[in-house]
Amino acid sequence: MTEVVSNISPPPGAVATVSDAPPIHYMVKIESFSSLGENAVETYESGVFEAGGYKWKLVLYPNGNKSNNVKDHISLYLAMVDASSLPRGWEVNVIFRLFLLDQNKDSYLVIQDAAGKERRFHGLKLECGFDQFIKLSTFNDARYGFVLEDTCVLGAEVFVCGERSRGKGEVLSMKKDPTASKYTWKIVNFSKLDEKRQESQIFSTGDHQWYSYFIILICNLN
């Protein structure tokens with residue numbers, strides 16, 4: 001059973017519902033939750049789980065994501081793991097739901113994007129979620145049961161809707177302090193060379209192998 005929550009403000013662009021069913025893909029139980037703030041732990045990353053053929057983890061900011069100027073809220077995100085093995089130009093469209101257990105009622109607060117919005121993961125964006133997942137005042141309010149005996153339970157469901165690769169590509173990497181190299185090619189009996197391509201021996205520099213060449217052209221002016 002799923003019902004809309006009327007007394008909890010969802011994040012911008014999201015909806016909040018209540019479900020009796022636990023998340024089907026992943027759950028994480030955090031004990032001594034208050035110690036995260038007491039020890040100035042800004043970020044907690046869950047273990048890795050698989051869904052839709054990809055690997056994921058949850059990324060929690062117990063006091064809000066300060067890099068996004070979040071205050072008075074918990075920030076919670078879904079992050080893709082091991083994306084370096086995917087082909088260049090990959091994209092994955094995902095609908096996901098993030099869960100928070102109400103331990104008083106044994107039900108789950110579910111936060112997801114409104115109208116079934118898909119989130120796009122790609123090489124430059126491996127993390128999506130909610131800056132304002134839930135207000136800290138609501139999270140710590142005993143009436144909601146989100147924290148019981150300093151313990152909370154989070155979860156996730158991830159549904160891959162589409163995936164694609166844009167094909168070939170390249171990466172340009174410029175070295176700040178390039179290493180200068182010099183190679184000397186000594187040509188013996190140059191005047192006796194035939195009319196053809198002449199290649200040097202292969203030499204190495206900058207983690208790559210190279211060679212030089214020239215072509216002798218003989219012109220008959222008669």
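Predicted model: local features only at pLDDT ≥ 70, side-chain atom pairs only at ≥ 80, totals over all residues.

Guide: Leaving aside residues up to four places away in sequence, Phe96 touches Leu78, Ile111, Gln112, Arg119, Phe121, Cys128, Gly129, Phe130, Glu157 and Val158. Phe96 also belongs to the largest nonpolar core, which has 40 residues; Trp56, Phe96, Phe121 and Phe133 are the members that touch the most others. Strand 8 contributes six residues to this core, the most of any element. Apart from this core lies another, of five residues, including Phe99, Leu101, Tyr108 and Val110. In soluble globular proteins, nonpolar side chains tend to be buried together.

One of the partners of Phe96 is Arg119, a residue of strand 10, which spans residues 119-122. Arg119 counts as buried because its relative accessibility is 14%, and buried means under 20%. Its side chain makes a polar contact with the side chain of Asp113 at 2.8 Å. The side chain of Arg119 also reaches the backbone oxygen of Gly129, at 3.2 Å. Among the residues that Arg119 touches are Val92, Asn93, Val94 and Phe96.

Val92 lies in strand 8, which covers residues 90-102. Val92 is buried, with a relative accessible area of 1%. Its contacts include Tyr54, Met80, Arg119 and Phe121. Val92 and Phe121 are 29 residues apart in sequence, yet their C-alpha atoms are 5.2 Å apart in space.

Key. Residues numbered from 1 in each chain as written. Heavy atoms only, no water. Helix = DSSP H or I, 4+ residues; strand = E, 2+ residues; numbered from the N terminus. Buried < 20%, exposed > 50% of the residue type's maximum accessible area, 1.4 Å probe, protein only. Contact = heavy atoms within 4.5 Å. Core = buried A, V, L, I, M, F, W, Y, C linked by side-chain atoms within 4.5 Å. Polar contact = N/O pair within 3.5 Å; in protein donor to acceptor, adjacent residues only side chain to side chain.
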